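Visitor: I would like to learn how to read the features of a fold. Could you take me through one?

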Amino acid sequence: MPIRGKLEGGFEAKSSADKFWGALRNWYTFFPEAFPSVYKAVEVVEGDGKAVGSVFRVSISEDSPFAKSIREKIEAVDDVKRTLILDVAGIDGNVFHIYKKYVLHVSVTPKGDGSVVKVAVEYENPTVKDPEPTEFIDVEVQGFQDLDAYLQNK
């Protein structure tokens, strides 16, 4: 019997919502530049990289304990509400192969001069024996905190 769930996290970013959202909407070009030790390359393989249905092939550093490459697809995006949903399907590597479903939700809301970034991971485990991906929500939130720090120094 599969196990389905959703893990949530977030933080208050120092970057304005517009600045953070701008980087997030251009993540496929921005992340390899900002985090070259993690992202070896991101290639748009379908679509324009902005619209629903766009598909990306992401090459991750060999040092990553989680995955070596990822196929991501934009499931939903709303530039007015600053929300993005990515289906992180087709994952090669160590840990991710056990999840039947892994969908990343990100929202950015203005708050004063900064913003509130909310992150959620929706997942499905094939069996009850498979672990809940609790460490992945922490990794996702930390990645966005690193993005905020990078934007502050840019």
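This is a predicted model: local features need pLDDT of at least 70, side-chain atom pairs count only at pLDDT 80 or more; totals for chains, interfaces and linings use all residues.

Visitor: How many helices and strands does the protein chain have?
Guide: Start with the definition. Helices (H or I, at least four residues) and strands (E, at least two) are DSSP runs, numbered from the N terminus. Here the protein chain has three helices and seven strands. Along the sequence the pattern is β-α-α-β-β-β-β-β-β-α.

Visitor: What percentage of the residues in the protein chain is buried?
Guide: Buried means under 20% relative accessible area, exposed over 50%, and partly exposed in between, with a 1.4 Å probe and protein chains only. Of the 154 residues in the protein chain, 44% are buried.

Visitor: And what share of the contacts joins residues 24 or more positions apart?
Guide: A contact means heavy atoms within 4.5 Å. Among contacts in the protein chain with a separation of 6 or more, 53% join residues 24 or more positions apart.

Visitor: Now the helices. How is a pair of packed helices described?
Guide: By the angle between their axes and the distance between the axes. Axes are lines fitted to C-alpha atoms, for helices over the stretch in contact, and angles run from 0 to 180 degrees between N-to-C directions. Under 35 degrees counts as roughly parallel, over 145 as roughly antiparallel, 65 to 115 as roughly perpendicular, and the rest as oblique.
Take α1 and α2. Their axes are 6 Å apart, at an angle of about 95°. α1 is therefore roughly perpendicular to α2. A23, L24 and R25 of α1 meet W27, Y28, F30 and F31 of α2. By class, that contact has six nonpolar, no polar and one charged residues. Ala, Val, Leu, Ile, Met, Phe, Trp, Tyr, Cys and Pro count as nonpolar, Asp, Glu, Lys and Arg as charged, and the others, Gly among them, as polar.

Visitor: At what angle do α2 and α3 cross?
Guide: At roughly 75°, with the axes coming within 11 Å. So α2 and α3 are roughly perpendicular to each other too. From α2 the contact uses F30, F31, E33 and A34, and from α3 it uses F144, L147, Y150 and L151. Seven nonpolar, no polar and one charged residues make up this contact.

Visitor: Is α2 mostly covered or mostly open?
Guide: Mostly covered: six of its eight residues are buried. They are W27, Y28, F30, F31, P32 and A34. These buried residues pack against α1, β2, β3, β4 and α3.

Visitor: Which residues of the largest nonpolar core touch the most other members?
Guide: A nonpolar core is a set of buried Ala, Val, Leu, Ile, Met, Phe, Trp, Tyr and Cys residues joined through side-chain atoms within 4.5 Å. The largest one has 38 residues, and F20, F31, V58, L104, V117, F144 and L147 touch the most other members. Helix α3 (residues 134-153) gives the most to this core, with six residues.

Visitor: Where does F20 sit, and what does F20 touch?
Guide: F20 lies in helix α1 (residues 17-25). Its relative accessible area is 0%, so F20 is buried.

Visitor: How are strands β2 and β3 joined?
Guide: Two strands pair if DSSP finds at least two bridges between them. Six bridges join β2 (residues 39-46) to β3 (residues 55-60), and the two run antiparallel. In that pair, E43 stands opposite R57. β3 also pairs with β4 (residues 69-78), again antiparallel, over five bridges. There V55 stands opposite K73.

Technical notes: Residues are numbered from 1 along each chain as its sequence is written. Side-chain values use heavy atoms; hydrogens and water are left out.
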